[in-house]
Structures are given as C-alpha cells and as structure tokens.
Amino acid sequence: MADVHVSLDGDELGPVERKLQEPLEDQLSSALDRAAQVVAEQYAGQSEQEVVRLLREEAGAALHPDVAAGFQPDEQGLRAVARAVIARATA
C-alpha cells in the first residue's frame, strides 16, 4: 500500500496550528497509516463505508485526545485509503 500522507490547509489553521503544521501532519499521517495496517490485517469483507469508519476510529484512537477531537479527514482521501486497504487485503 502506498504511504499515507495527511496534509493540512495552512489557510484554515490558527497561528498555533500553523506553527505546528509539520509535526501535526506527521502525527496524523502516522496514525492513519497505522490504522490502515490494523484494518487491513482485520479485514473480513466489510464494505468500503465500514472500512472508512474503522479507519477513522483506529486513527482517532492513536492520537492525543485534543488532536483526535479535531481530526476531520478529507472524505475522498479516506475513501481512497479504504479502497487501498480492501485491495491489499483481498490481493
């Protein structure tokens, strides 16, 4: 599976978040990548929508609660990760 990378829109970030943009992106990317691995290992034929839900849950659980509270991944990007998870698990 390709590396997962989360990008934050700097225009939508406050001053503190902008200063921490790179470490936040790294933390979010790492959490989502780990979530993709866990979900792929446990995949048992779930729908794409269910895989998206599982990815959100797993990634959120890996984040600091304050970061997880603001974690709102791009739906299209998350669906792309879900499709990659399903493809990997069924290959």
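By class, 12 nonpolar, five polar and five charged residues make up the lining of the largest pocket. This is a predicted model, so please keep that in mind for everything I say. The space in the largest pocket comes to about 600 Å³. Its lining has 22 residues, and those closest to the centre of the pocket are Val6, Ser7, Leu8, Leu28 and Gln72.

Ser29 is placed in helix 2. Is Ser29 buried or exposed? Its relative accessible area is 8%, and the cut-off for buried is under 20%, so Ser29 counts as buried. What is Ser29 in contact with, once neighbours within four places in sequence are left aside? The answer is Val4, His5 and Val6.

Gln42 has a relative accessible area of 55%, and because exposed means over 50%, Gln42 is exposed. In sequence, Gln42 and Ala89 are 47 residues apart; in space, their C-alpha atoms are 8.7 Å apart.

In soluble globular proteins, nonpolar side chains tend to be buried together. Here the largest nonpolar core has 24 residues, and the members that touch the most other members are Leu32, Val51, Leu55, Val81 and Val85. Helix 2, helix 3, residues 48–61, and helix 5 each give two or more residues to this core. Which helix gives the most to this core? Helix 2 does, with eight residues.

Helix 3 is next on my list. Helix 3 has 14 residues, and from its first C-alpha to its last it reaches 20 Å, close to the 20 Å expected at 1.5 Å a residue. Its buried residues include Val51, Val52, Leu54, Leu55, Ala59 and Gly60. What do the buried residues of helix 3 pack against? They pack against helix 2, helix 4 and helix 5.

Leaving aside neighbours within four places in sequence, Val51 is in contact with Val39, Tyr43, Gln46, Ala82, Val85 and Ile86. Val85, like Val51, is one of the core residues that touch the most other members. That is where I will stop.

Terms used:
Residues numbered from 1 in each chain as written. Predicted model: local features only at pLDDT ≥ 70, side-chain atom pairs only at ≥ 80, totals over all residues. Heavy atoms only, no water. 1 Å grid on protein atoms, 1.4 Å probe; cavity = no way out; pocket = protein on both sides within 12 Å on 5 of 7 lines; lining within 4 Å. Points joined across faces, edges and corners; volume = space filled by probe spheres on them. Nonpolar A, V, L, I, M, F, W, Y, C, P; charged D, E, K, R; others polar. Core = buried A, V, L, I, M, F, W, Y, C linked by side-chain atoms within 4.5 Å. Buried < 20%, exposed > 50% of the residue type's maximum accessible area, 1.4 Å probe, protein only. Helix = DSSP H or I, 4+ residues; strand = E, 2+ residues; numbered from the N terminus. Contact = heavy atoms within 4.5 Å. Expected span 1.5 Å × (residues − 1).
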